[in-house]
Amino acid sequence: MLPLSVQVPASIVLLAGGAMACFAGYRLFRLVLGVYGFILGALLASSMVGAGATWTIALAALAGGAAGALVLVAGYFVAVALIGAGLGALIVNVAWKPFGGEPHWAAVLVVAAVGAVAAISFQRYVIVLATAFGGAWTMLVGAAALMLGPGARAASASTDIWVVYPGYAGPPSVWVYVAWIAIGLTGTYVQMHTSGRAAARARKKKG
C-alpha cells in the first residue's frame, strides 16, 4: 500500500519501468533488477507498516525500496535463479489447472529447482522472456492504475491509502491478456534482435 497522493507518479513509474524491462530487459538487466527491487521492497515495507500516517508509509516505502534494490542488484545470480524458479512454479500451476486443485508441493519444488538451474545455464533466454512478459504485465498494471486515477479511487474508499495489486485491477476482459501476450512477444522479439546484434559487435571487437 502507498499514499493515495502518489498514485499517478507511481503509475507512471510502473509504466516506464515495465517498458524498459519489456524492450531492453536483457541489455539493462542490472538496472531492471534495481527498479523491480525498489518496487517490491517499497510495497513490502509499506504493507508491513500498515495503514498509518502518510509520511510513515512514504518513509517505509523509500527505505524498503532502497533495500530491495540493493539486494537484487548485489545478488545478480541469485536473482536470475529466482526468476527461473518462479517461472518453473508458474508453469506447474498453469499445467495443473486442467486436473483441478493445487499441484503437490514436491512437484512445485522439483520444477522450481530445475527452473533455477536452467536459468543459470541459459541466462540470456530466461532473462529475455522473464523481463519481456514481466515488463508487459507491469505496463498493464501501471496503465490500469493511471486510468483509474486518484479521484475515482478516493470516491470508492474512505481512506487515503492506495492498495497496489500485482494483478489487473480493471474490469475483466480477455483483451487484457491478449494485449499482455502481444506486448510480451513484441518485447521478446525486440530484445532477441538487439541483444543478438550487440553480441555480434562484441565478438567482432574481440576478433
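Modeller: Buried means under 20% relative accessible area, exposed over 50%, and partly exposed in between (1.4 Å probe, protein chains only). This model is predicted: local features need pLDDT of at least 70, side-chain atom pairs count only at pLDDT 80 or more, and totals for chains, interfaces and linings use all residues. Residues are numbered from 1 along each chain as its sequence is written, and side-chain values use heavy atoms, without hydrogens and water.

Biologist: In what order do the elements of the protein chain run from the N terminus on?

Modeller: Helices (H or I, at least four residues) and strands (E, at least two) are DSSP runs, numbered from the N terminus. The chain has seven helices and two strands. The order is β-α-α-α-α-α-α-β-α.

Biologist: What share of the protein chain is made up of buried residues?

Modeller: The chain holds 207 residues. The buried share of them is 38%.

Biologist: Is Arg30 buried or partly exposed?

Modeller: Arg30 sits in helix H2. Its relative accessible area is 47%, so Arg30 counts as partly exposed.

Biologist: How far apart are the C-alpha atoms of Arg30 and Tyr76?

Modeller: Along the chain, 46 residues separate Arg30 from Tyr76. Between their C-alpha atoms the separation is 7.5 Å.

Biologist: Why does Ile12 count as partly exposed?

Modeller: Ile12 lies in helix H1, residues 7–24. Ile12 counts as partly exposed because its relative accessibility is 46%.

Biologist: How much space lies in the largest pocket, and which residues are closest to its centre?

Modeller: A pocket is an open set of points on a 1 Å grid where a 1.4 Å probe fits, with protein on both sides within 12 Å along at least five of seven lines; lining residues have an atom within 4 Å of a point. The largest pocket holds about 1100 Å³. Of its 30 lining residues, the closest to the centre are Tyr36, Ala130, Gly134, Gly135 and Thr138.

Biologist: Which helix gives the most to the lining of the largest pocket?

Modeller: H1, H2 (29–49), H4 (76–96), H6 (123–155) and H7 (174–206) each supply at least two lining residues. With nine residues, the top contributor is H6.

Biologist: How many charged residues does the lining of the largest pocket have?

Modeller: Asp, Glu, Lys and Arg count as charged; Ala, Val, Leu, Ile, Met, Phe, Trp, Tyr, Cys and Pro as nonpolar; the others, Gly among them, as polar. The lining has 25 nonpolar and five polar residues.

Methods
Grid points are joined across faces, edges and corners, and a volume is the space filled by probe spheres set on the points.
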